[in-house]
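Dear colleague,

I am handing over the structure below, and my notes on it follow. Please read them with the model open beside you.

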Amino acid sequence: MPKIKTNSGAKKRFALTGSGKIKRKHAFKSHILTKKTKKQKRNLTHFGLVSRADKSAVKELLAIK
């Protein structure tokens, strides 16, 4: 049985925490930043966690059991 390959796009976008949660970056922080407030841009800087609904799909992309 061959090994399952990790999705190369997903491995650049997600990271595992020590407790097994999946870390992600917020969207809407790459361009058209002039119309966004300082507070909004500051809050988008922090990392978020993948929701429970999406967790299984992301784990499949990352080839994690």
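**Surface and overall form**

The chain exposes about 5,900 Å², of which carbon and sulfur atoms supply 57%; accessible areas here come from the Shrake-Rupley method with a 1.4 Å probe, and for residues only the protein chains shown count as cover. Please keep in mind that this is a predicted model, in which local features need pLDDT of at least 70 and side-chain atom pairs count only at pLDDT 80 or more, while totals for chains, interfaces and linings use all residues. Residues are numbered from 1 along each chain as its sequence is written, and side-chain values use heavy atoms, with hydrogens and water left out.

Three helices and three strands make up the secondary structure of the chain, where helices (H or I, at least four residues) and strands (E, at least two) are DSSP runs numbered from the N terminus. Read from the N terminus, the elements follow the order α-β-β-α-β-α. The radius of gyration of the chain is 15 Å, well over the 11 Å that the globule rule gives for 65 residues, so the chain is more spread out than a compact globule; the radius is taken over C-alpha atoms, and the rule is 2.2 Å times the number of residues to the power 0.38. The C-alpha trace spans about 50 × 25 × 20 Å along its principal axes.

Of the 65 residues in the chain, 14% are buried, with buried meaning under 20% relative accessible area, exposed over 50%, and partly exposed in between (1.4 Å probe, protein chains only). Among the contacts in the chain with a separation of 6 or more, 51% come from residues 24 or more positions apart, a contact being heavy atoms within 4.5 Å.

**The sheet**

The three strands form an open sheet in the order β1-β2-β3, with antiparallel pairing. β1 (14–16) and β3 (48–49) stand at the edges and each has a single partner strand, so one side of each is left without a neighbour in the sheet. Two strands are taken to pair if DSSP finds at least two bridges between them, and β2 and β3, which run antiparallel, are joined by two bridges. Within this sheet, arginine 24 stands opposite glycine 48 in β3.

Leucine 49 also belongs to strand β3 and is partly exposed, with a relative accessible area of 44%. Not counting residues up to four places away in sequence, leucine 49 touches Lys21, Ile22, Lys23 and Arg24.

**The loop between β2 and α2**

Phenylalanine 28 is placed in the loop between β2 (22–24) and α2 (38–45), and has a positive phi of about 70 degrees although it is not a glycine. Phenylalanine 28 is exposed, at a relative accessible area of 63%. Isoleucine 32 is found in the loop between β2 and α2 as well, and its phi, near 55 degrees, is again a positive value in a residue other than glycine; isoleucine 32 is partly exposed, with a relative accessible area of 48%.

**The N-terminal segment**

Isoleucine 4 is found in the segment before α1 (8–13) and is exposed, with a relative accessible area of 69%. Isoleucine 4 and alanine 63 are 59 residues apart in sequence, while their C-alpha atoms are 6.3 Å apart in space.
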